[in-house]
Structure formats: C-alpha cells, structure tokens
Amino acid sequence: MTKKDVLPDPVRRSMFAIGCIAVGAATAGFLAATFRFLVPNVLYEPSRRFDIGPPSDFPPGAVTFLPDRRLYVFNGPDGFYAISSICTHLGCNVKRGGPGFECPCHGSRFDENGQVAQGPAPKALAWYALSLSPHAQLVVDLDQQVSPEFRLRA
Amino acid sequence: MSQTIGSRTLTWLDGARRSVCRIGWPATDKDRAAAMISSLFLHIHPARVSRHVLKPTYTFALGLISGILFIVLAVTGLALMLYYVPYPPEAYRSMKDLQFVVTFGIVLRNIHRWSAHAMVGVVFLHMCRVFWTGSYKPPREFNWVIGVVLLLLTLGLSFTGYLLPWDQLAFWAITVGTNIAAYAPVVGDQVKFLLLGGHMIGPMTLLRFYVLHCVMLPLAMLLLISLHVWRVRKDGLSGAEIHASPTEELAGAFPASTKTYGLMAIGKRPRASVEARDPNDEVFAWPHLLYRELLVALAVIIVLHIVSLVFMAPLEEIADPTRTPNPAKAPWYFLGLQELVHYSALMGGVIVPTLLVLALLAVPYVDRGAAGSGRWFAPERKMANTIFTSLAAVFVVLTIVGTLFRGANWAWVWPWK
Ligand code: HEM
Ligand code: FES
C-alpha cells in the first residue's frame with residue numbers, strides 16, 4: 001500500500017477541536033443575547049405609581065379595599081396608610097377577618113398591621129408609601145415599601 | 001380483450017402501489033423482516049423480538065401508551081389552535097366558542113384535556129414500572145435520565161396548558177404555581193419575572209405560556225421521545241437476555257439476528273442484544289409486536305372518546321385577579337407539593353421538589369450493579385424497591401390529601417360530606 005492510497009484527514013484533530021470550541025462559543029454568546037431578549041424592557045402593565053382619589057374619599061376610621069389595585073387603604077387616627085392585599089405566601093387576596101386579615105388559600109392570618117399571626121406566610125403584608133400630589137390626590141407608589149410606622153397626614 | 005384491459009389495470013395499480021410501499025403484505029419471513037427495517041416509521045422496532053417483550057404484564061405497555069397520548073395531544077392541540085386566541089379576554093371567549101359554537105369543539109377540547117391528565121399519570125406509572133423491574137440498570141442508565149427529563153417536560157406541558165383557558169381555575173392555579181417558583185433562593189424572583197413577562201399574570205404571561213405550550217415544549221418533547229425510543233431500540237427491552245439461553249453455537253448457526261444490523265449498517269453490536277440469541281425465543285415483530293401495538297392504540301382511543309363524551313372539561317368564570325376563589329388550588333399533580341407548601345413554602349416549593357428531581361436523576365448511578373434487572377420486584381433489589389415505593393406512596397397520599405381532603409382556607413374536609 002503506497003501513501004497515495006490513504007486519503008489524509010482533511011483537518012487535524014486539534015483544528016477540529018478549535019473549530020468545535022469556536023462554534024460553541026458563538027452559540028453560547030448567541031444564547032446569552034437571546035436570554036437578555038427574554039427580559040422585557042417595557043411593561044404594558046398598570047403604572048406602579050398611581051393616584052387613588054382625594055383624601056376626602058376615605059372617611060376617618062374607615063378601611064377601603066381597592067380590588068383592582070389589590071390594596072387596603074386606611075384612614076386611621078394618625079393619618080393614612082396602605083397595606084397590600086397580596087398574601088406573602090403564594091399571592092392570593094387576603095380578606096378582612098378577625099382583627100386583621102385572613103388568606104383563603106392556605107389559612108394564613110395577619111394582624112391589623114399586616115404582621116403574620118398564624119399560618120405559612122413567611123413575612124408581613126407589604127406597606128406602600130402614600131403621598132399627596134399637587135392636585136391634592138392620594139398617590140400610592142408600589143415600588144416604595146415602607147414600615148408599619150408610616151402615616152400620611154393630609 | 002376485456003381480460004387484457006382488466007389485468008393491465010391491475011398491473012398498473014400494482015405498480016402504483018409498489019411505488020409507495022415497496023413490499024406488499026409480507027408473506028415470507030424475509031419480507032416480514034424487510035417490512036420492519038425498510039420503513040422509516042416501523043424501523044424503531046427490531047425485525048425480531050423476544051417473546052418476553054410481548055408479555056403484556058412486563059411493561060403494561062405504559063411507555064407505548066405515553067407515546068400514543070403524546071400523539072393524540074399533538075393532533076387535538078393543533079386543531080384547537082385554529083380557534084384559540086392567546087390574548088385576554090378573547091382567550092376565554094374562544095374557549096366558550098369551542099364549547100358551544102364549534103362543531104365537535106367540546107369533544108376535541110375534552111379529549112385534549114383528559115389526555116393531558118392521563119399522560120401525567122401514565123408517565124408516572126411507566127417510571128414506577130421501570131424502577132420496579134430494575135430496568136435502568138446498565139446499559140440503560142442514561143435512558144432513565146432522559147426519562148426523568150421527559151417526566152418534567154410532561155409536567156411543564158400540562159402546567160403551561162392550564163393557564164390557556166383564562167378562567168378562574170387557570171388564573172389562580174398559575175398564581176399559586178408561579179409564586180412557588182419565586183421561593184427559589186437568589187433567582188426565584190427573576191425566574192418568576194421571566195416566566196410572567198412582568199410583575200403580574202397578564203397578556204404577556206398568556207403569550208409566553210402559549211408559545212411554551214404550543215411550540216417550545218412539544219418540540220423538546222418530540223426530540224427527547226425520539227432519543228428515548230431510539231435508545232430502547234438500540235439497547236433492547238430489559239429482561240430479554242435473562243429469558244433466553246445464549247449459546248455461541250446458536251448465535252453462529254442462526255445469523256438472522258446479526259443480519260438486522262447488517263441491513264441497518266451498524267458496525268458494533270450494542271452491549272445488550274436486541275434480540276434474544278435463542279431463536280426459539282424469537283418471533284417476528286411483524287405481525288406479533290405491531291398487532292399488539294395497534295390493539296393498545298385502539299383501546300386508548302376508545303377509552304379517551306368515551307371519557308370525553310361523558311365528562312366535560314371544566315371551565316369556570318373568566319379570570320378575575322381581584323377575586324380569589326376559596327380554596328385556590330394548583331393542578332392536581334402539584335397538590336402534593338401544595339400540601340407541603342401549606343406547612344412551609346420553602347420546604348414544599350423548593351427544597352423537596354429539587355431533592356426529588358436530583359434523587360431521581362441519580363438513581364441509576366447510585367444503585368449500581370446489574371443484579372435484579374429485568375424482573376418485577378427482584379429479591380436482590382428489595383432495599384431499592386422499598387425506598388422508592390415508600391417515597392412514591394408518600395407522594396401519592398399527599399396528592400390525594402391535597403386534592404380531596406382540603407377545602408376552604410385549606411382546612412381539612414371529608415370528601416363524602
Ligand atoms: C413522555 C414520556 C415517556 C415516553 C413517551 C416513554 C416511552 C417509552 C417506551 C415506548 C419504552 C419501551 C418500553 C415500554 O413500552 O414500556 C420506554 C422504555 C423505557 N423508559 Fe420511557 N417513556 C417516557 C418517560 C419515561 C420516564 C419518566 C422514565 C424514568 C424516569 C423512563 C425510563 C425508561 C427506561 C429506563 C426504559 C427502558 C426500559 C426497559 O428496557 O425495560 N421513561 N419508554
Ligand atoms: S396564599 Fe395566602 S396562605 Fe397561601
């Protein structure tokens with residue numbers, strides 16, 4: 001058998017490995033870019049900061065539930081405050097019940113300040129910042145969580 | 001004269017038939033083997049199979065039924081897509097249309113829904129069968145791993161499909177389900193954000209679930225089922241070896257079983273032989289195996305139709321994010337987890353499922369050695385079987401409790417009261 005009979009490999013094994021690595025790296029880069037593509041830049045959701053009407057809509061001592069916003073708004077003796085109705089366990093709507101709130105899904109209970117009293121909920125209901133707009137409207141900011149000491153005097 | 005016209009027509013027809021299907025009804029053994037091997041669709045079968053493979057009590061055809069259900073789901077799903085609009089609230093209206101306006105819409109929807117539920121159960125039972133017969137032992141370790149991924153894909157397909165009707169049931173099941181995902185440490189919130197395409201379940205979520213449900217997951221499933229079945233074909237069904245008497249003389253004297261490979265141009269024999277080497281133990285896949293498969297497919301289709309004519313797939317009121325039904329339940333196959341989540345969300349939602357999946361993936365690499373493979377409940381495998389059966393039983397009991405014994409506020413109820 002002469003050398004001519006043996007067809008030489010068109011590439012060396014090392015070149016083949018380099019080729020594989022190059023294609024792999026290109027694919028990885030492409031996938032990373034695609035991953036970023038999955039994160040939306042604009043959300044067509046209701047604004048996270050919105051007004052809920054003038055303070056006079058909320059009579060003193062009353063609790064108002066805003067179902068669309070999933071929010072309880074209180075007008076207490078020291079001022080206004082807002083507590084989320086989204087259960088911190090798995091996101092059901094808590095209802096007013098007992099002294100505070102009750103969740104229908106897995107039986108979590110919260111006291112009147114939204115602190116966990118019982119059940120699987122791992123943390124207290126969220127409190128959101130309230131402010132007064134130049135047009136004398138109450139404004140809620142869902143991106144600004146506050147502590148249960150928060151009160152807005154209006 | 002008319003004779004010649006008649007026979008010429010016949011010859012012409014026969015020629016046309018041959019252009020489509022080269023072998024006629026196989027009458028000789030050679031043709032029976034060729035029928036299997038020369039068809040793209042049939043050649044996932046070997047030409048000859050061990051009698052052991054045909055015993056219904058070995059596999060209970062559970063893998064086959066999983067595959068049939070996948071095909072039924074693909075066909076009915078494609079039909080449903082022609083009416084379904086993945087945008088709220090039209091999504092809900094198109095479900096109503098399917099139910100009340102489109103001819104046979106309700107039957108198609110029912111078949112799709114009930115097959116999806118059945119598939120979760122059947123795939124789970126198939127996994128149990130494979131475990132109890134020790135069929136993940138070498139050389140089939142990796143096929144078990146592919147199987148675990150198939151189980152996860154089955155659950156993912158069911159879960160993404162659950163949102164599409166956009167009714168109260170769908171909305172709150174997905175609320176609970178995606179919030180469980182959010183408990184994953186570090187990445188939980190980001191995973192939820194990506195899955196929902198935002199902070200809340202809305203049009204973006206529906207679109208994402210729709211694309212996952214109708215395109216991405218089915219394609220992944222198709223690919224992996226092909227790989228899974230291909231490996232079953234290469235490795236042969238477990239158990240055939242121990243039922244045959246492999247003597248070298250016979251293997252030499254009956255070259256038929258190696259010939260299969262010659263025709264398929266495969267150089268090396270797989271480690272476990274596809275066919276038992278004892279020719280007395282072998283029968284031709286055509287018609288023995290094929291006929292049995294046809295019967296199983298027929299039975300599955302009949303049962304699905306009866307169930308779908310009698311039981312209606314649920315459709316509640318349109319999704320209302322402001323009103324939580326009481327109780328809000330995840331799909332039934334997640335209710336075991338939800339029952340655990342009721343005690344601790346981190347435990348039931350993250351730690352237990354992660355450990356379960358890792359344990360399943362590791363099974364063939366931890367439980368090593370070939371002893372006790374290919375038989376139901378081999379005594380050598382008592383320990384492995386006991387552990388697996390106890391875990392599976394706990395999971396089934398939790399699922400039943402979550403499904404039937406939990407009412408408003410997740411309080412304990414007796415289902416018969
Ligand atoms: C979509 C889901 C699945 C489909 C369509 C499928 C299909 C099949 C089929 C048709 C077989 C041939 C034997 C039989 O009919 O039982 C098989 C065997 C096998 N399956 Fe699956 N399977 C699925 C899921 C799984 C799962 C979840 C596991 C385990 C975690 C698994 C592990 C195996 C193994 C190890 C074998 C070889 C068994 C033997 O040789 O006895 N499969 N599968
Ligand atoms: S969602 Fe409120 S207790 Fe689970």
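**Loop between α8 and α9, chain B**

I began with the loop between α8 (141-163) and α9 (168-181) of chain B, where I found B:W166. I kept in mind that this is a predicted model. B:W166 is not a glycine, yet its phi is positive, at about 55 degrees. Is B:W166 buried or exposed? Its relative accessibility is 7%, so I noted B:W166 as buried, the cut-off being under 20%.

I then looked up A:R70, another residue other than glycine with a positive phi, here near 50 degrees. I located A:R70 in the loop between β2 (63-66) and β3 (71-76) of chain A. A:R70 counts as buried because its relative accessibility is 16%.

**Cis peptide bonds, chain B**

I checked the bond between B:P88 and B:P89 and found it cis, with omega at about 0 degrees. B:P89 sits in the loop between α5 (62-81) and α6 (90-100) of chain B. I also wrote down the bond from B:W286 to B:P287, which is cis with omega near 0 degrees. B:P287 belongs to helix α15 of chain B.

**Iron site**

Which residues of chain B coordinate the iron atom of ligand 1? I found B:H126 and B:H228, each through NE2, at 2.0 to 2.1 Å. B:H126 is in helix α7 (residues 105-132) and B:H228 in helix α11 (residues 203-235) of chain B, so the pair ties together parts that are 102 residues apart in sequence. I listed both B:H126 and B:H228 as buried.

I next looked at the angles around the iron atom of ligand 1. Its six donor atoms subtend angles of 86 to 179 degrees, and therefore the arrangement is octahedral.

**Another histidine in α7**

I also looked up B:H117, which lies in helix α7 of chain B. B:H117 has 18% relative accessibility and so counts as buried. What does B:H117 contact, leaving aside its neighbours within four places in sequence? I noted B:Y162, B:W332 and B:Y333.

**Surface patch, chain B**

Last, I turned to the surface. I found a nonpolar patch there, formed by B:Y291, B:L295, B:L298, B:I302, B:I306, B:L309, B:V310 and B:F311. Together these residues have about 850 Å² of accessible area. One of them, B:F311, lies in the loop between α15 (285-310) and α16 (335-343) of chain B.

Methods:
Residues numbered from 1 in each chain as written. Chains lettered and ligands numbered in written order. Predicted model: local features only at pLDDT ≥ 70, side-chain atom pairs only at ≥ 80, totals over all residues. Heavy atoms only, no water. Donors = N, O, S within 2.8 Å, 3.2 Å for Na, K, Ca; no water. Tetrahedral: all angles 85-135°; square planar, octahedral: opposite > 155°, others 65-115°. Helix = DSSP H or I, 4+ residues; strand = E, 2+ residues; numbered from the N terminus. Buried < 20%, exposed > 50% of the residue type's maximum accessible area, 1.4 Å probe, protein only. Patch = residues over 30% accessible without salt bridge, like charges linked within 9 Å, V, L, I, M, F, W, Y side chains within 5 Å. Areas by Shrake-Rupley, 256 points an atom, 1.4 Å probe, with all protein chains shown as cover. Salt bridge = Lys/Arg side-chain N within 4 Å of Asp/Glu carboxyl O. Contact = heavy atoms within 4.5 Å.
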